[in-house]
Amino acid sequence: MADTASHVLLGSGLTVLSQPLMYVKVLVQVGYEPLPPTLGRNIFGRQVYQLPGLFAYAKHIMKIDGRAGLFKGLVPRLCSGAIGTIVHSKVLQHCQEADQTEESGTNPKESVSSLDQVIKETTQEMIARSAATLVTHPFHVITLRCMVQFIGRETKYSGVFSSFVTIYREEGVLGFFAGLIPRLLGDILSLWLCNMLAYLINTYALENGVSTMTEMKSYSQAVTGFFASMLTYPFVLVSNLMAINSCGLAGGLPPYAPAYSSWLHCWSQLQREGNMSRGNSLFFRKVPAGKRYVWEEKRFH
């Protein structure tokens, strides 16, 4: 219990620190670009037109809403993190206890690093993560909608409880789980990719007996985790867009987003526009295709 409490406190601290980054990222994912591009250089030194990065975007938000404006949606996100940590811990503990009960009286495991053990541990982690995601997704939806209100200056989602009431009244129970399927799929794919790639690297690419073997294996886990998150980012983007699609906010309606009939429709639309990685990077951002942005609308009018 003490270990879970420490994880909740640590997670809450990281959530507060990362909130401005998350806020800007969500607005970029939606396609909200209030500032015109500037002439800059990419990582190769070539001159290109780039959209403003994280700091310029955050400065624009602070200019309108002040420093506190960077923390919209923080309360439901903190609730999501705390509840998710507790659910994940309890479900994982239950899975591990059930596994120990099942294995009692049988032969001991041959090797901790065996493929069977990796598959078993990954399956347990998948069940725990999926349970936590399922329970906390309503808070995730509220968090995203609180952030996207910046675009249309709405106040529809102002508190956690009132937001629950609003969603239930307008969309029913299903409204709390908008964007859940791509989010679950992305989490599961990322977990399996990360763990299986790390297993293959640690087993076949790294030789035993090296003095820094433990460090090398931890590095390989971090590298494969980053690689897996990059590959599954489109699921994150589609999930977030579906969570705010047609919810009555300006950010979920044209010109920022069409009315998607399903997450597969959203996926195909983004793929057709070449925007599957929109919001993945908040630096060196090229101008995406397929949209008319706020700064273009002002210039047009």
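In the predicted model, a salt bridge joins the side chains of Lys 120 and Asp 99, with an N to O distance of 3.5 Å. Because Lys 120 belongs to helix α4 and Asp 99 to helix α3, this pair ties together parts that are 21 residues apart in sequence. Lys 120 is partly exposed, at 28% relative accessibility, whereas Asp 99 has a relative accessible area of 14% and is buried.

Seven salt bridges are found in a search of the whole structure. One of them pairs Arg 285 with Glu 33 through their side chains, at 2.7 Å from N to O. Arg 285 lies in strand β3 and Glu 33 in the loop between α1 and β1 (38–41), so parts 252 residues apart in sequence are tied together by this pair. Arg 285 and Glu 33 are both buried. Within helix α4, Glu 125 and Arg 129 are four residues apart, about one turn of the helix, and their side chains form a salt bridge of 2.9 Å, N to O. Glu 125 counts as buried, with 17% relative accessibility, while Arg 129, at 34%, counts as partly exposed. A network of salt bridges links Asp 65, Lys 72 and Arg 153.

The count of aromatic pairs is seven. Among them, Tyr 23 and Phe 150 form an edge-to-face pair, because their ring centres are 6.3 Å apart and their planes stand at 80 degrees, over the cut-off of 60 degrees. Since Tyr 23 is in helix α1 (residues 2–30) and Phe 150 in helix α4 (residues 115–152), the pair ties together parts that are 127 residues apart in sequence. Both Tyr 23 and Phe 150 are buried. A tilted aromatic pair is formed by Phe 55 and Phe 283, with 5.9 Å centre to centre and 50 degrees between the planes. Phe 55 lies in helix α2 (residues 54–65) and Phe 283 in the loop between α9 (263–273) and β3 (285–286), 228 residues apart. Phe 55 is exposed, at 62% relative accessible area; Phe 283 is partly exposed, at 40% relative accessibility. Ring pairs also join Tyr 23, Tyr 32 and Phe 150 in a cluster.

The largest pocket holds about 1500 Å³ of space. It is lined by 43 residues, of which Arg 77, His 140, Arg 183, Asp 187 and Val 236 are the closest to its centre. Elements giving two or more residues to this lining are α1, α3 (74–103), α4, α6 (180–205), α7 (213–231) and α8 (233–244). The most is given by α1, with 12 residues. By residue class, the lining of the largest pocket comprises 14 nonpolar, 23 polar and six charged residues.

Notes: Residues are numbered from 1 along each chain as its sequence is written. This is a predicted model: local features need pLDDT of at least 70, side-chain atom pairs count only at pLDDT 80 or more; totals for chains, interfaces and linings use all residues. Side-chain values use heavy atoms; hydrogens and water are left out. Rings of Phe, Tyr and Trp (its six-membered ring) pair if their centres lie within 6.5 Å; planes under 30 degrees apart count as stacked, over 60 as edge-to-face and the rest as tilted. Buried means under 20% relative accessible area, exposed over 50%, partly exposed in between (1.4 Å probe, protein chains only). On a 1 Å grid over the protein atoms alone, a cavity is a set of points where a 1.4 Å probe fits but cannot get out, and a pocket is an open set with protein on both sides within 12 Å along at least five of seven lines; lining residues have an atom within 4 Å of a point. Grid points are joined across faces, edges and corners, and a volume is the space filled by probe spheres set on the points. Ala, Val, Leu, Ile, Met, Phe, Trp, Tyr, Cys and Pro count as nonpolar, Asp, Glu, Lys and Arg as charged, and the others, Gly among them, as polar. A salt bridge is a side-chain nitrogen of Lys or Arg within 4 Å of a carboxyl oxygen of Asp or Glu.
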